[in-house]
Amino acid sequence: MSLTQTAPKNVAGPGLPGIAIIAKIRRVLILAVIAALVYPSVMVASQTYCPGGVDGSGGFIDASGQPTDEAPVCIELTLAPSPLVYIGIAAIVLLALGRVMKANDESAAVQTLDRAGLGMGVFVVVAIVVSHVWFSLIPMESFSAHSWSVVSPFPFGNIDVTTTPLIVE
């Protein structure tokens, strides 16, 4: 009769098969939540331009300094988050989980999850940098009262355009 003991197979412990994969999945999900919270808080910017103004007698003038009967149109640009970035974050997580389920061994699964976490971080940082650089390079002085157009840094950010007449108090 043998006196060696064997551990029951249904007891969870530090040697649980797949524990490293589960820990990496948890890490990727936490990174996805953090990225989804950081992205909109950093994607905030605005610019305003009012070509023209008011002359000394209280009349309106245009950007060239010529008198006009209408109030100059002020243009406000606002940078906002793009919903496509959230879709990209979700796609990275779901594709990584799909590849993990098809992985041949634990090291391939862990490597896939590490790459997903890194890829998600790089994607969000690139989206923020491209959007802010693009937004800051918009030439506000080239807008006139009758012609304006803005090219958005699609798919990384949305630019909302609001026009209002100049308000004189």
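Visitor: Among contacts between residues at least 6 apart in sequence, what percentage join residues at least 24 apart?
Guide: In this chain the figure is 75%, where a contact means heavy atoms within 4.5 Å. This is a predicted model, in which local features need pLDDT of at least 70 and side-chain atom pairs count only at pLDDT 80 or more, while totals for chains, interfaces and linings use all residues. Residues are numbered from 1 along each chain as its sequence is written, and side-chain values use heavy atoms, with hydrogens and water left out.

Visitor: Which helices and strands does the chain have, and in what order?
Guide: There are 3 helices and 6 strands, and from the N terminus on they run α-β-β-β-β-β-α-α-β. Both kinds of element are DSSP runs numbered from the N terminus, helices being H or I over at least four residues and strands being E over at least two.

Visitor: How much of the chain is buried?
Guide: Buried residues account for 27% of the 169 residues, with buried meaning under 20% relative accessible area, exposed over 50% and partly exposed in between, using a 1.4 Å probe and protein chains only.

Visitor: On to the sheets: what is the strand order of the one that holds β1?
Guide: That open sheet has 3 strands in the order β1-β5-β6, and the pairing is antiparallel; two strands pair if DSSP finds at least two bridges between them. Its edge strands are β1 (45–49) and β6 (157–165), each of which pairs on one side only. From one strand to the next, the twist averages 15°.

Visitor: How many bridges hold β5 to each neighbour?
Guide: Strand β5 (residues 73–81) is joined to β6 by 9 bridges, and V73 has P165 in β6 as its bridge partner. On the β1 side there are 5 bridges, also antiparallel, with Y49 standing opposite I75 in β5.

Visitor: Which residues of β1 are on its covered face, and which on the uncovered one?
Guide: The covered face has A45, Q47 and Y49, whereas S46 and T48 are on the uncovered face.

Visitor: What does S46 touch, then?
Guide: Leaving aside residues up to four places away in sequence, S46 touches E76, L77, T78 and F135. S46 counts as partly exposed, because its relative accessibility is 48%. The C-alpha atoms of S46 and A80 are separated by 9.1 Å, and these two residues are 34 residues apart along the chain.

Visitor: And what about the sheet with β2, β3 and β4?
Guide: It is an open sheet of 3 strands in the order β2-β3-β4, with antiparallel pairing, and its edge strands are β2 and β4 (67–68), each pairing on one side only. Strand β3 (residues 60–61) pairs with β4 over 2 bridges, and F60 has T68 in β4 as its bridge partner.

Visitor: How many disulfides turn up in the whole structure?
Guide: The search finds 1 disulfide, counted as a pair of cysteine sulfur atoms within 2.5 Å. It joins C50 to C74, with an S to S distance of 2.0 Å. C50 lies in the loop between β1 and β2 (53–54) and C74 in strand β5, so the pair ties together parts that are 24 residues apart in sequence.

Visitor: Which hand does that disulfide have, and why?
Guide: The torsion about the S-S bond of C50 and C74 is about 120°, so the disulfide is right-handed.

Visitor: Is C50 buried or partly exposed, and what about C74?
Guide: C50 counts as partly exposed, at 31% relative accessibility, whereas C74 counts as buried, at 8%.

Visitor: Changing topic, at what angle do the axes of α1 and α2 cross?
Guide: The axes of helix α1 (residues 19–42) and helix α2 (residues 83–101) cross at roughly 175° and come within 10 Å; axes are lines fitted to C-alpha atoms, for helices over the stretch in contact, and angles run from 0 to 180 degrees between N-to-C directions. The two helices are therefore roughly antiparallel to each other, a label given to angles over 145 degrees, with under 35 being roughly parallel, 65 to 115 roughly perpendicular and the rest oblique.

Visitor: Which residues meet there?
Guide: Residues of α1 including I21, I25, V28 and L29 meet residues of α2, among them V85, Y86 and I89. By class, the contact has 15 nonpolar, no polar and no charged residues; Ala, Val, Leu, Ile, Met, Phe, Trp, Tyr, Cys and Pro count as nonpolar, Asp, Glu, Lys and Arg as charged, and the others, Gly among them, as polar.
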